[in-house]
Structure formats: structure tokens, C-alpha cells
Amino acid sequence: RNFADRNVYPQADFPHSGDERDVENLVRSLEYRSGIRAEDLPYEDGSFDLVYSVAALEHVPEPGPTVSEIARVLRPGGLAVHEIGLIHHGSADPLRFLEWSDEEYAEKAEPYGEGRSLDGILEGSWVGEVFCNRIRRSDWLMHFRASGLLECVEEPLITLDRSLIRKERFASRFRAYDEDELAILAFRLVARKAQVP
């Protein structure tokens, strides 16, 4: 599902800064690198003023080391801006993937790559479970704080009606979360790397 589709996610707010920019020139100025690991970025410490992602961090296999790398490559005072989805990508039930134990989910889920892509999903050639790390909003906040990134803004983008949540159907580790936490299906986090004193 497209996070920016207001018919699917009417609660989501997606600013359209592209309306104010020369998008074609901006895209030409981007440098794209594939095949790099998020938990081992090939950049010097303090290389960037901004690290930005949309619907990407839920797909990293090692969230803690990935957030540490984000903090490392940011300059002091730099911003990390992320929109993180917390939904099951293969079902109309956004929390279905919390039903499986870690072992069951590892058997079912496949990461993007090697012929598995969004195009494959849309065309129907890839019908497996898309790997998402299944950690919740509070876990992400813990990883960002542990890496020395200070929250500036944290806001839910998509929420589920709490009355639809039945924790008893989830694998044991997900039953410990309260309904308010489980109801957050996507959120935006803006964090800043502390200035050097």
C-alpha cells in the first residue's frame, strides 16, 4: 500500500515540497548507491547535515546498528528525519505479522533483493512475505536515544482504532505492548545529533 494514498490512510499528513522545487534538477543531482549495508555505511563521521528516509527503516535487519550508523554519519547538530511504517506489508490486517513467533516469521519473510521488489509485488511475481523488522515505535525511540540522537518531533501518522486490537492473538513478545503502542501503524521522527560542547 502506498503511504501517500489519502484514500487508504486519510489520517496521514504528507507535505508536498515537490510543488516548490525543480524536481528534475534535484533528482539529477542525487548520487544513488546500491548494495551498501545500512549498518555499515561507507561514509566518514559527520559527513551529512541530514539523513532522511521514508518507509525504509522497517526493512533493515539490524535496527540498533543502523541507527548508530545514522548518528555516526551526521555532523553535530544534524537532523535525522524518518517516516517509519509499522505494518504488515502482505495483508489487509496491519498487525497480522505480530501473530508469528520470531522463528515462524524468519521462515516466512524475505528481504527485498535478488528479484524481490516492489514491482514484483505489484505485478504478482513475488507473493512471499516482505521482511519487516517488526519492532514498534517505542523500540525505535529507544534505539535513537541510545545512539545519542535527541527527539525533536515524534508524531503518529497512521493509527488503528484501539478497539480492533486483540493482543491475545499475538506472539508472546508483542503482548507486552499496550494498545496505544500497538495502534501506531506509522510515525514520523525528527531527531537531532547533539552539538559538541
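These legends describe close-up views of a predicted model. Local features need pLDDT of at least 70, side-chain atom pairs count only at pLDDT 80 or more, and totals for chains, interfaces and linings use all residues. Residues are numbered from 1 along each chain as its sequence is written, and side-chain values use heavy atoms, with hydrogens and water left out.

**View 1. Helix H5 and its buried residues.** H5 spans residues 137–146. Helices (H or I, at least four residues) and strands (E, at least two) are DSSP runs, numbered from the N terminus. Arg137, Asp139, Trp140, Leu141, His143 and Phe144 are buried in H5. Buried means under 20% relative accessible area, exposed over 50%, and partly exposed in between (1.4 Å probe, protein chains only). The buried H5 residues pack against helices H2 (63–73) and H7 (179–182). They also pack against strands E2 (74–85), E5 (149–159) and E6 (184–193). Contact means heavy atoms within 4.5 Å.

View 2. Gly148 has a positive phi of about 85°.

**View 3. The Tyr43 and Phe48 ring pair.** The structure holds five aromatic pairs. Tyr43 and Phe48 are edge-to-face, because their ring centres lie 5.1 Å apart with planes at 85°. Rings of Phe, Tyr and Trp (its six-membered ring) pair if their centres lie within 6.5 Å; planes under 30 degrees apart count as stacked, over 60 as edge-to-face and the rest as tilted. Tyr43 is partly exposed at 23% relative accessible area. Phe48 is partly exposed too, at 29%.

**View 4. Trp100 and Tyr105 within a ring cluster.** Trp100 and Tyr105 are stacked, because their ring centres lie 6.1 Å apart with planes at 15°. Both residues are buried. Ring pairs join Phe97, Trp100, Tyr105 and Phe131 into a cluster.
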